[in-house]
Amino acid sequence: MTILVWERPVRLIHWTIFIAVIVLAVTGFYIGNPILVSGGAPTDFLMGTYRAIHVAAAWVFGVAVVARLIWAFIGNRYSRWDQFVPVSRARRADIKTSFKYYLFMQRETPPGPGHNPLAGLTYLVLYAMFAVQIWTGLALASLADPGSFLWSVSGWTFSLVPIPTIRFVHHLILWLTLGFIVHHVYSATLIDVEERSGVLSSIVTGWKRIRPGQAGQAE
Amino acid sequence: MATLLERLEANGISRRSFLTYCASLTTMLALPASLTPQIANALSKVDKPSIIWREFQDCAGNTESFLRSRNPGVADLILDLLSVDYHETIMAAAGRQAEAASDAAAKKGGYILVVEGSVPLKDDGVYCTIAGKTAKQHLEELSKGAAAIVNVGTCSSYGGIPAANPNPTGAVGVPSLVSNVPIVNLPGCPANADNITATFVHYLTFGSLPARDQLGRPLFAYGERIHDSCERRAHFDAGQFALAFGDEGHRKGWCLYKLGCKGPNTFNNCPAIRWNGGTSWPVGAGHGCVGCSEPEFWDAMGPLYQHLPNVSGFGVEATADQFGVALVGATALAFAAHGVAKYAQHRITAEPAAQPVAAGQPTEED
């Protein structure tokens with residue numbers, strides 16, 4: 001039996017975020033450590049170009065993240081906010097089950113065709129990181145113009161935390177995000193191999209095969 | 001007492017050069033040129049406001065900077081307008097006489113309190129004691145009658161070098177101790193003499209401190225980042241960087257970003273007004289900005305020759321990128337090991353799986 005788990009907007013947002021993160025990572029690493037150095041041609045605009053792409057990709061990323069947050073309140077049951085914030089007792093209990101699976105204490109894969117509660121919690125952490133990343137990015141962008149609207153919104157950050165520390169946090173979260181991608185691809189592959197549910201292809205097609213035991217959890 | 005103009009004449013300084021100086025101050029304060037006459041007028045009849053200049057945990061570097069203001073002839077006379085009633089480094093009096101001068105000025109009230117250096121709080125503030133009183137006691141007593149407090153230098157503004165880790169004396173800046181008096185911070189290590197002079201002139205002209213930002217710094221001096229007014233900025237945008245001191249890029253005057261310049265992290269007007277009477281400034285001389293006028297200088301700006309701070313707390317210091325590569329690599333290794341282990345788990349438990357251990361659904365697909 002196959003069911004539609006990831007609706008079209010969820011998939012679109014997923015891949016938008018993926019592409020934006022790759023572009024942001026490449027340009028971000030360049031901005032942090034410009035390994036390509038111009039030879040001195042008067043028309044060169046390397047750093048300027050990388051920064052422009054970084055800022056443009058950042059806006060795409062920010063809009064996609066906000067869109068996903070909105071979808072968490074209007075989407076289907078697998079995309080809703082309670083998949084990430086374990087408010088129900090059952091979800092909290094299943095966090096333990098998921099842990100048991102990953103710690104070799106049980107063979108059955110975590111329950112549910114959607115995000116298992118542990119994975120949901122991981123995405124909660126990821127989105128918290130995204131929030132910090134977006135905030136520090138806006139604040140750093142505002143430095144160029146302390147008279148701007150952006151500065152009036154985010155400039156107060158630098159009354160609390162020195163500017164280099166904000167840059168440092170912004171840089172570390174990029175590395176943590178790359179670490180997350182490693183985890184994300186591995187876990188999806190692992191579960192796909194275990195369940196043969198097509199979870200890997202589901203983020204393209206939206207559809208997943210579910211086990212008979214999971215049928216009750218489908219719509 | 002002779003007016004300023006009479007004194008200018010006595011010193012052989014023309015009214016023209018006085019007005020030129022007033023015009024340059026007007027520009028520095030980012031005021032419209034039409035206000036120059038008002039500034040000149042106010043300065044010509046100023047009535048010697050009293051100044052108490054207190055040094056706490058400092059190196060007297062701001063005093064040194066202040067004594068080298070841009071236009072010696074006129075500026076010195078303007079500074080003569082200020083009645084500096086107490087200043088350890090330049091006053092003739094010493095001991096009880098000096099304290100008596102401070103007490104007399106304090107009794108009159110309405111003075112400008114200039115503070116240089118941080119205030120230690122640890123162990124009841126014993127690490128800075130002057131005339132039997134701690135810096136904190138002096139500050140508390142003197143801030144009561146002060147019309148305004150001018151913090152010169154990073155130490156009195158934010159704590160500065162004495163407050164750097166591990167901050168053995170518990171040093172803090174003046175704004176964390178005083179709140180009921182208007183305060184202006186002129187951070188910098190040292191603060192630029194021209195910014196100090198301009199702040200005084202603003203006070204003498206308008207009777208108030210200049211407009212300040214969220215960190216108490218006057219906007220005329222700290223309203224823009226060094227990076228955004230830097231003469232090497234075009235090289236940054238082009239991707240033209242000096243990679244080592246003395247290399248081709250460095251000799252061509254390219255951007256010092258890769259040598260750890262903190263210009264992108266620092267609000268100050270060094271590129272515009274420069275130092276030592278407009279002679280030069282650090283980046284102009286070929287060395288990156290060290291961010292001396294920002295909060296938590298020294299700690300937050302280190303390492304000086306690196307763009308980002310290091311990751312510490314793992315026994316060894318590593319750059320953020322070394323840490324990142326290790327993190328992603330370790331994650332990949334851990335998950336690879338996990339995958340192998342999962343495979344092994346299925347192989348090892350394959351036979352006993354048929355036994356009645358499993359509670360619930362079957363896990364194996366056909």
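Reply: Of the 366 residues in chain B, 40% are buried. Keep in mind that this is a predicted model. The chain holds 15 helices and 11 strands.

Start with the overall form. Chain B has a radius of gyration of 29 Å, whereas a compact globule of 366 residues would come out near 21 Å. The C-alpha atoms fill a box of roughly 110 × 55 × 35 Å along the principal axes. Now look at the contacts in chain B with a separation of 6 or more. Residues 24 or more positions apart account for 69% of them.

Next, go inside. In soluble globular proteins, nonpolar side chains tend to be buried together. Here the largest nonpolar core has 47 residues. Leu25(B), Ile52(B), Leu113(B) and Ile149(B) touch the most other members. Helix 9 of chain B, residues 193-206, gives the most to this core. Its share is 6 residues. Take Leu25(B) as an example. Leaving aside residues up to four places away in sequence, Leu25(B) touches Ile39(B), Ala198(B) and Val201(B). Another core lies apart from the largest one. This other core has 24 residues, among them Cys230(B), Phe241(B), Ala242(B) and Tyr257(B).

Now turn to the backbone. Most residues other than glycine have a negative phi, and most peptide bonds are trans. Cys189(B) and Pro190(B) are joined by a cis peptide bond, with omega about 5°. Pro190(B) sits in the loop between strand 9 (183-186) and helix 9 of chain B. Find Pro303(B) in the loop between helix 14 (270-273) and strand 10 (310-311) of chain B.

Then check phi. Ala60(B) is not a glycine, yet its phi is positive, about 65°. Ala60(B) lies in the loop that runs between strand 1 (50-55) and helix 4 (61-66) of chain B. Is Ala60(B) partly exposed or buried? Ala60(B) counts as partly exposed, because it has 17 C-beta neighbours inside 10 Å. A residue needs 20 or more to be buried. Asp124(B) has a positive phi too, about 60°, and is not a glycine either. Look for Asp124(B) in the loop between strand 4 (119-120) and strand 5 of chain B. Asp124(B) has 11 C-beta neighbours inside 10 Å, so it counts as exposed. The cut-off for exposed is 12 or fewer.

Ile130(B) and Glu55(B) are 75 residues apart along the chain. Even so, their C-alpha atoms are separated by 9.4 Å.

Where does chain B meet its partner? In chain B, 40 residues are in contact with 40 residues of chain A. Two elements give two or more residues to this side of chain B: helix 12 (233-238) and helix 15 (320-348). Helix 15 of chain B makes the largest share, 12 residues. By class, this side of chain B has 16 nonpolar, 14 polar and 10 charged residues.

Finish with the partner itself. Chain A has 8 helices and 2 strands. Along the sequence they follow the pattern β-α-α-α-α-α-α-α-α-β. The C-alpha trace of chain A spans about 65 × 35 × 35 Å along its principal axes. Of its 219 residues, 29% count as buried.

Helix 3 (residues 89-102) and helix 4 (residues 117-142) of chain A pack at an angle of about 100°, with their axes 7 Å apart. The two helices of chain A are therefore roughly perpendicular to each other. Helix 3 of chain A brings Arg91(A), Asp94(A), Ile95(A), Ser98(A) and Phe99(A) to the contact. Helix 4 of chain A brings Pro117(A), Leu118(A) and Leu121(A). By class, that contact has 5 nonpolar, 1 polar and 2 charged residues.

Methods:
Residues numbered from 1 in each chain as written. Chains lettered and ligands numbered in written order. Predicted model: local features only at pLDDT ≥ 70, side-chain atom pairs only at ≥ 80, totals over all residues. Contact = placed C-beta atoms within 7 Å. Helix = DSSP H or I, 4+ residues; strand = E, 2+ residues; numbered from the N terminus. Nonpolar A, V, L, I, M, F, W, Y, C, P; charged D, E, K, R; others polar. Axes fitted to C-alpha atoms, helices over the stretch in contact; angles between N-to-C directions. Parallel < 35°, antiparallel > 145°, perpendicular 65-115°, else oblique. Rg over C-alpha atoms; globule rule 2.2 N^0.38 Å. Core = buried A, V, L, I, M, F, W, Y, C linked by C-beta atoms within 7 Å.
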